[in-house]
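Colleague: Hello! Could you pick a single part of this structure and give me a close look at it, with the residues spelled out? I'd like to follow along on screen.

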Amino acid sequence: MEWENQTILVEFFLRGLSGYPRLELLFYVLISIMYVVILLGNGTLILISIVDSHLHTPMYFFLGNLSFLDICYTTTSIPTMLVIFLSERKTISFSGCAMQMFLGLAMGTTECVLLGMMAFDRYVAICNPLRYSVLMSKASYVPMAAGSWIIGGVNSAVQTAFVVQLPFCRNNVINHFSCEILAVMKLACADISGNEFIMLVATTLFILMPLLFIIISYTLIIVSILKIRTSEGRSKVFSTCSAHLTVVIIFYGTILFMYMKPKSKETLTSDDLNATDKLISVFYAIITPMINPLIYSLRNKDVKDAVKHLLRRKHFFIINKEISVF
């Protein structure tokens, strides 16, 4: 009987907002606009961090990695999501689902570790400025960024490999917009306690440990800032890390709310909770990468000056091109 209930799945059905065609159309338009903003905003940050020599520093190298990461992360899920919104057949192949799980988890893990590296950079810059050029040399910050990507890839490869080996029953409906690893695991007709333990260990090592590292770094930073006598000096020093701190709060705040929010069985039904979870996941996957460039550009004079310089160069190039034509 157990064998008869199992089957070799070749595709999954992504429920998303099935049954709400008008809402799907609305989400399609909104998410399409947001995706364009993500590509333009993060692409601009990557471009100025490369072409502007004033931004050839560890902080902007990490920021360029973060922007590239956000582009990769959203590209793993948004195109599929948009196709499913307009398609009557809301399915994804088993291999496509596995690839989406791998890339999504890899990008998410890498971002957690990378934010921790960026916190260390701010700690050294503020608390040990005289040793900054030594501790954060190119021989240090490039391997730090590369290590973040390697950790994300290895963690994702291990977890994805264990999930795809699970036996799946006839139920192939994923109650989500994309192949989120927890949603896929719930479809397995086998004991997933081993997978849950691996996920718990990975979460502790690669999500909570970087968060603890960030908290310790900013505690030391705040202590150092409070020692500055003038309010103008304190404000100037804090402005160098306020953008990163804002991104950390939004990123980790969304994760903690998504997985640790209280669930009231008396006031909410199971469907309501699922809908809430899906909307929060959209915020985590789309809104956060979209506002990151805005936060760094609005709170950072160097970035604003670099963007203005880039626009002036582009305008000058266009004018010269038009003159040469005439």
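Modeller: Gladly! Let's begin at the largest cavity, where helix 4 and helix 9 (231-260) each supply at least two residues of the lining. Please keep in mind that this is a predicted model. Helix 9 gives the largest share of that lining, four residues. Eleven residues line the largest cavity, and those nearest its centre are Met59, Arg122, Thr240, His244 and Tyr296. By class, the lining has four nonpolar, four polar and three charged residues. The volume of this cavity is about 80 Å³, and a search of the whole structure finds five cavities of 30 Å³ or more.

The crossing of helix 4 past helix 8 is left-handed. On the helix 4 side, the contact is made by Thr109, Cys112, Val113, Leu115, Gly116, Ala119, Phe120, Arg122, Tyr123, Ile126 and Cys127. Helix 8 answers with Phe206, Ile207, Pro210, Phe213, Ile214, Ser217, Tyr218, Leu220, Ile221, Ser224 and Ile225. In this contact of helix 4 with helix 8, 17 residues are nonpolar, four are polar and one is charged. Arg122, which takes part in this contact, is also among the residues nearest the centre of the largest cavity.

Now for another partner of helix 4. Helix 2 packs with helix 4 at an angle of about 165°, and their axes are 10 Å apart. Angles over 145 degrees count as roughly antiparallel, so helix 2 is roughly antiparallel to helix 4. This crossing, too, is left-handed. From helix 2 come Pro58, Met59, Phe62, Leu63, Asn65, Leu66, Leu69, Asp70, Cys72 and Tyr73. They meet Gly104, Met107, Gly108, Thr110, Glu111, Leu114, Leu115, Met117, Met118, Asp121 and Arg122 in helix 4. The contact of helix 2 with helix 4 divides into 13 nonpolar, four polar and four charged residues. Met59 and Arg122 both belong to this contact, and both are among the residues nearest the centre of the largest cavity.

The second largest cavity brings some of these residues back. About 50 Å³ of space lies inside it, and its lining consists of Asp70, Tyr73, Glu111, Phe251, Tyr284, Thr288 and Pro289. Among them, Asp70 and Tyr73 of helix 2 and Glu111 of helix 4 also take part in the contact between those helices. Helix 2 (58-75) and helix 10 (270-298) each supply at least two residues of this lining, and helix 10 has the largest share, three residues. The lining of the second largest cavity divides into four nonpolar, one polar and two charged residues.

One last stop on helix 10: Ser297 is placed there. Beyond its neighbours within four places in sequence, Ser297 is in contact with Val303 and Lys304. Ser297 and Val307 are ten residues apart in sequence, with 8.5 Å between them in space, C-alpha to C-alpha.

Technical notes. Residues are numbered from 1 along each chain as its sequence is written. This is a predicted model: local features need pLDDT of at least 70, side-chain atom pairs count only at pLDDT 80 or more; totals for chains, interfaces and linings use all residues. Side-chain values use heavy atoms; hydrogens and water are left out. A crossing is left-handed if the near helix is turned anticlockwise from the far one by less than a right angle, and right-handed if clockwise. Contact means heavy atoms within 4.5 Å. Ala, Val, Leu, Ile, Met, Phe, Trp, Tyr, Cys and Pro count as nonpolar, Asp, Glu, Lys and Arg as charged, and the others, Gly among them, as polar. On a 1 Å grid over the protein atoms alone, a cavity is a set of points where a 1.4 Å probe fits but cannot get out, and a pocket is an open set with protein on both sides within 12 Å along at least five of seven lines; lining residues have an atom within 4 Å of a point. Grid points are joined across faces, edges and corners, and a volume is the space filled by probe spheres set on the points. Axes are lines fitted to C-alpha atoms, for helices over the stretch in contact, and angles run from 0 to 180 degrees between N-to-C directions. Angles under 35 degrees count as roughly parallel, over 145 as roughly antiparallel, 65 to 115 as roughly perpendicular and the rest as oblique.
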